Every structure is written in C-alpha cells, then in structure tokens.
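Colleague: I'd like to learn how to read this model, one feature at a time. Start me off with a pair of residues.

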Amino acid sequence: MNWLTQMFTTSVDSALLVQGQYDFSLVILSILLASSASFFALRLAETARHIVLARYRHIATATGALILAGGIWSMHFVGMLAFKLPHHMDCDWLLTVLSLIPAFVASLVVLKSLIYVQEKDALSLRLTLRNGVIIAAGLGTTHYVGMAAMDMHLTVKYNPYLFALSVVVAVVLACVALLARRAMKLTFPDMPTIRIKFIIAAIMGCAISGMHYTGMLAARFVLPPGFELSKQTNDISFYLALGITTTTVFIISVVLAVNLVFRYKDISAKALQSERRLSAIMETAVDGIITINAKGIIVSVNKMVTVLLGWQSEEL
C-alpha cells in the first residue's frame with residue numbers, strides 16, 4: 001500500500017506547496033473543444049445509426065470515437081496549458097500520446113452502444129450507468145496518465161476526497177448527457193433536434209471539463225527541499241494551445257468530409273438497390289405497367305405490355 005501514500009495526501013506543508021493560476025481564456029477554449037468534439041461525435045453516431053452498409057457504419061463509429069477521444073485529449077492538454085505554475089514544465093510525449101488510447105476505447109464502446117441500442121432501451125438505468133462509468137474511466141485514465149506525463153521536477157500528490165469527487169462528477173454528468181436526448185424529446189417534443197444535440201454536447205463537454213478541473217483541484221504540487229523554481233514563458237502555452245486547437249479542428253473537418261463521402265456512397269447503394277427491386281417487381285408483374293412522366297411521355301414499360309398490346313417499348 002506504499003504507492004497509495006505516495007500518490008495521496010490530505011495535508012502538505014504550505015511552505016513546500018507550489019500554487020498555480022489559470023488563464024481563463026484557455027479554460028473557456030478547452031471547454032469549447034470538449035463540447036464541439038462531443039457534438040460532432042454524437043452527430044456521427046446518429047448518422048451511423050441509419051447507414052445500411054456495415055463497413056461504412058463501422059467506419060462512422062470509429063471516426064466518431066476518434067473525434068470524441070481527440071476532444072477529450074485536446075481538452076486535457078489545453079486545460080494543462082491553461083494552468084500556470086511558477087516553474088518550467090515539460091512533458092513525456094510518449095505518455096502524452098498513449099493517454100489518447102483509453103479515451104478512444106471508452107468513446108468507441110459507448111458510441112457503439114448508442115448506435116446499436118434500441119430506442120426503447122435508451123433510458124435503461126443499467127445501460128446508462130454502465131456507459132457513464134466507461135466514459136468516466138476513459139476520462140480519468142486519460143487525465144491521470146496525462147498528469148503522469150508532466151515533467152517538472154515537482155512531486156504531484158492528490159487529495160483522495162477530491163480525487164474521488166472528480167470521478168463522481170464525470171460519471172454523473174456523463175449519465176445526464178446520455179439520458180438527455182430521449183428525456184428532452186419526451187419533455188419537449190417540439191424542440192428542434194439540432195438544439196437538443198447542442199444541449200447534450202454542452203453537458204458532455206461539462207462532464208469532460210468537470211472531471212479535468214476537479215482532478216486538477218485535487219492535485220498538490222510539492223517542491224522538493226532545496227529545489228529552486230524556474231519561470232516558464234506564457235507565450236509558449238498560448239501558441240501550443242492554438243496549435244492543438246487548429247489541429248483538432250482540422251482533424252474533425254477531415255473526418256466529417258470522409259464520412260460525408262461514405263454517407264453519399266451508402267445513399268447511392270440504397271438507391272441502386274431500390275431501383276433494382278422496383279425493376280424486378282415490374283418485370284415479374286402479371287399486369288402491364290407503363291411509366292409516364294409529367295409531360296405525358298412514356299418513360300418505360302414492362303414485358304407484359306408487349307405481350308398484352310403487341311407493341312415493343314421502342315414503338316410505344
């Protein structure tokens with residue numbers, strides 16, 4: 001249990017405690033990133049629900065999970081850049097990249113559940129709680145692996161009560177977001193669907209951000225005895241946050257464009273399938289069927305017309 005005492009603490013010598021401050025413009029940006037990614041991920045999940053071809057549906061699900069995971073990851077990164085410590089801070093890039101994996105896995109599992117679950121089961125308490133716990137686990141793992149990736153020569157310990165609260169915040173708000181869609185449709189049947197999605201995305205963005213900032217509130221940055229602080233420049237944080245935001249927006253745009261192409265192909269495939277089905281019905285019908293356009297011109301006839309009237313389609 002030694003690792004618990006190394007990770008958690010309820011009291012720190014104030015002389016060794018390093019305090020940080022937030023850049024609230026970056027805090028707002030991080031929340032917007034999380035909410036935007038949630039909105040587009042939910043949109044893709046809704047689109048995937050109506051896709052007939054399985055391979056396109058799987059691609060839409062996976063890319064939706066990538067967008068949501070990217071939103072979680074970039075929100076955490078920008079949120080960390082928003083936190084200004086009076087000390088230079090680097091990060092372990094391998095751990096930083098690996099922290100994306102739990103967010104992606106959790107997003108993929110939950111989006112699959114949202115796509116394949118029946119509408120009548122959407123308010124299932126058991127399913128909602130399971131998905132809320134999965135999202136919270138993905139958020140928590142991404143956040144605390146990202147915290148472990150921080151390289152700043154300070155000891156990071158956590159208040160156990162606030163640590164637990166950060167997980168509870170993530171579970172509760174994630175469950176509220178998952179229940180909100182159907183609950184709002186039942187309560188406000190005339191509310192436009194796009195507005196409902198905006199509200200759900202905002203709640204999910206608050207779940208992601210709430211977990212992060214509660215986790216940051218639980219963190220205690222302790223200065224080792226005899227170690228001196230070294231200032232970091234604020235410009236680096238701003239430009240890194242700007243670069244991450246630009247990259248995230250670009251990835252979301254590319255993913256949406258790719259899914260738009262797949263959606264077009266799926267609609268074309270369904271149209272072709274319907275056309276073939278209609279053609280088969282016309283050719284096997286025992287009655288003569290003549291198709292005429294709005295100008296009164298014959299467009300097509302089936303074989304029984306020729307049998308009954310004796311005229312070929314070209315003659316008609």
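Modeller: Take Y144 and F163, which are both buried; buried means under 20% relative accessible area, exposed over 50% and partly exposed in between (1.4 Å probe, protein chains only). Bear in mind that this is a predicted model, where local features need pLDDT of at least 70 and side-chain atom pairs pLDDT 80 or more, while totals for chains, interfaces and linings use all residues. Numbering runs from 1 along each chain as its sequence is written, and side-chain values use heavy atoms, without hydrogens or water.

Colleague: How many aromatic pairs does the structure hold?

Modeller: Nine aromatic pairs. Rings of Phe, Tyr and Trp (its six-membered ring) pair if their centres lie within 6.5 Å; planes under 30 degrees apart are stacked, over 60 edge-to-face, the rest tilted. Y22 is in strand β2 (residues 21–22) and F83 in strand β3 (residues 83–84), so the pair links distant parts of the chain, 61 residues apart. Helices (H or I, at least four residues) and strands (E, at least two) are DSSP runs, numbered from the N terminus.

Colleague: Is Y22 buried or partly exposed?

Modeller: Y22 counts as partly exposed because its relative accessibility is 27%. F83, with a relative accessible area of 9%, is buried.

Colleague: And back to the rings you began with?

Modeller: The ring centres of Y144 and F163 are 4.6 Å apart and their planes are at 35 degrees, so that pair is tilted too. Y144 belongs to helix α6 and F163 to helix α7 (residues 160–187), and the pair links distant parts of the chain, 19 residues apart.

Colleague: Now a helix. What does the length of α3 look like against expectation?

Modeller: The expected span is 1.5 Å times one less than the number of residues. For the 29 residues of helix α3 (residues 54–82) that gives 42 Å, and because the end C-alpha atoms are 42 Å apart, the two agree. As for cover, 22 of the 29 residues of α3 are buried, which makes α3 mostly covered.

Colleague: What does the side chain of S38 do in its helix?

Modeller: An α-helix has 3.6 residues a turn, so residues three or four places apart point the same way. S38 lies in helix α2 (residues 24–49), and a polar atom of the S38 side chain is 2.8 Å from the backbone oxygen of A34. S38 counts as buried because its relative accessible area is 1%.

Colleague: Which side chains does the side chain of N131 contact?

Modeller: A polar contact is a pair of N or O atoms within 3.5 Å, one able to donate a hydrogen and the other to accept it; for residues adjacent in sequence, both must be side-chain atoms. The N131 side chain makes one with the side chain of S113 at 3.2 Å and one with the side chain of R130 at 3.1 Å. N131 is in helix α6, and at 2% relative accessibility it counts as buried.

Colleague: What about V110?

Modeller: V110 is part of helix α5 (residues 100–116) and is buried, because its relative accessible area is 4%. Compare sequence and space here: V110 and G132 are 22 residues apart along the chain, yet their C-alpha atoms are 8.5 Å apart.
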